[in-house]
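Please find below some remarks on the model shown here. They take the contact between the chains as their starting point.

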Amino acid sequence: MNENNSHIENEDLNFLNGISKKNNFKTPAGYFEGLASNLETKLEVKNSKSPKRGIVRNIVINLSIAAAVIIGVFIFKPSTNQIETPVFLGETVVVDDFMESMIDSDDFVEIDYVADMIPVESVETEVEILLAVTDVDYQEISSDDLYDVFESDWEEIDYEF
Amino acid sequence: MRIENDSKILSLYQDGRHQDALKLLMESYQERLYWHIRRILLCHDDTDDVLQNTIIKIWKGLENFKGDAKLYTWMFRIASNETFTFLEKNKKQKLNIDISENFEFKDPSHPEDLSGDEIQLKLEQAIATLPEKQRMVFHLKYFEEMKYSDISSVLGTSVGALKANYHLAAKKIEEFLKSN
């Protein structure tokens with residue numbers, strides 16, 4: 001406090017002693033009682049849930065769920081030893097060795113499956129093949145015969161590719 | 001009491017209990033703000049307008065109230081600004097108000113009370129002779145019993161200037177009472 005003004009702070013207001021500090025100005029009857037409700041209506045004030053609290057509550061709920069899930073995973077975590085199939089390393093090695101020995105041996109014949117395959121381009125080609133196998137002159141074959149060929153018992157035909 | 005209610009008001013508001021917050025705010029401050037304004041404007045109707053504007057501004061500003069200042073000094077500051085704005089707008093209309101017409105004698109049947117009322121009327125008349133800002137300083141210091149530091153926050157004036165204002169106001173009132 002400024003010392004020069006200290007006498008002002010402790011102003012001697014003796015002349016005001018005995019005078020009430022009440023406010024004696026006229027006010028309409030019930031003015032203060034009605035003012036609060038008037039302003040409440042004017043401002044459209046209502047109690048509501050705070051959005052901040054809502055966010056906090058949601059965060060807490062979500063964290064609780066996450067914590068419960070994590071705890072649950074740790075508690076009910078299945079034992080890996082019970083599920084894993086036993087590894088028979090010895091057998092695996094034996095099979096691998098067998099396969100490699102087959103590939104390396106002279107008995108193993110490499111087959112070119114693509115080159116050996118005869119493409120069937122059409123029904124006519126297929127018929128030619130069948131005729132060649134069965135020694136039938138195709139000039140003498142009618143459409144009915146072709147039908148019969150396709151409808152006949154295929155097992156009777158001796159395929160010699 | 002003031003600080004407790006201020007923190008309760010803010011707490012209720014932040015909790016979304018706006019109705020309860022406004023109710024407590026009104027219970028705590030409506031009369032104090034009313035008399036703060038009334039002592040400057042003197043007329044009830046003008047005071048009512050300014051008070052309602054003040055409370056609306058307080059309410060709308062409450063959301064952004066940071067708590068850097070005390071709630072009650074902040075509210076009195078808004079009330080003071082609204083009052084001075086009203087005076088500025090109505091500068092051309094000279095406010096010639098007879099205080100005795102606005103004064104309520106509480107109990108005229110008792111001579112002692114009447115005597116007290118009369119002295120009080122004289123005091124109000126003396127206060128009314130002061131310039132508006134000086135009147136406000138006197139009201140906040142004498143009737144509201146505010147600290148100079150708080151009045152400084154309300155009026156945006158230095159503590160030294162406030163003390164000088166209050167000293168001058170007291171002297172003028174004393175002279176008025178002696179001469180009347």
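1. In this predicted model, 37 residues of chain B are in contact with 29 residues of chain A; contact requires C-beta atoms, placed from the backbone, within 7 Å. Helices H2 (18-41), H3 (44-62), H6 (111-128) and H9 (159-179) of chain B each give two or more residues to the side that touches chain A. H2(B) supplies the largest share, 10 residues. Helices are DSSP runs of H or I with at least four residues, strands are runs of E with at least two, and both are numbered from the N terminus.

2. By class, this side of chain B has 14 nonpolar, 12 polar and 11 charged residues. Ala, Val, Leu, Ile, Met, Phe, Trp, Tyr, Cys and Pro count as nonpolar, Asp, Glu, Lys and Arg as charged, and the others, Gly among them, as polar.

3. H2(B) bends by about 45° at B:Tyr29 (the angle between axes fitted to the seven residues ending there and the seven starting there). The end C-alpha atoms of this 24-residue helix are only 30 Å apart, whereas a straight helix would reach 34 Å, taking 1.5 Å times one less than the number of residues. Just after H2(B), B:Leu42 has a positive phi of about 70°.

4. Chain B has nine helices and zero strands. Of its 180 residues, 32% are buried (20 or more other C-beta atoms within 10 Å of the residue's own, these atoms being placed from the backbone).

5. Residues are numbered from 1 along each chain as its sequence is written, and chains are lettered from A and ligands numbered from 1 in the order in which they are written. Local features need pLDDT of at least 70 and side-chain atom pairs count only at pLDDT 80 or more, while totals for chains, interfaces and linings use all residues.

Methods: A residue is buried if 20 or more other C-beta atoms lie within 10 Å of its own, exposed if 12 or fewer, and partly exposed in between; C-beta atoms are placed from the backbone. Two residues are in contact if their C-beta atoms, placed from the backbone, lie within 7 Å.
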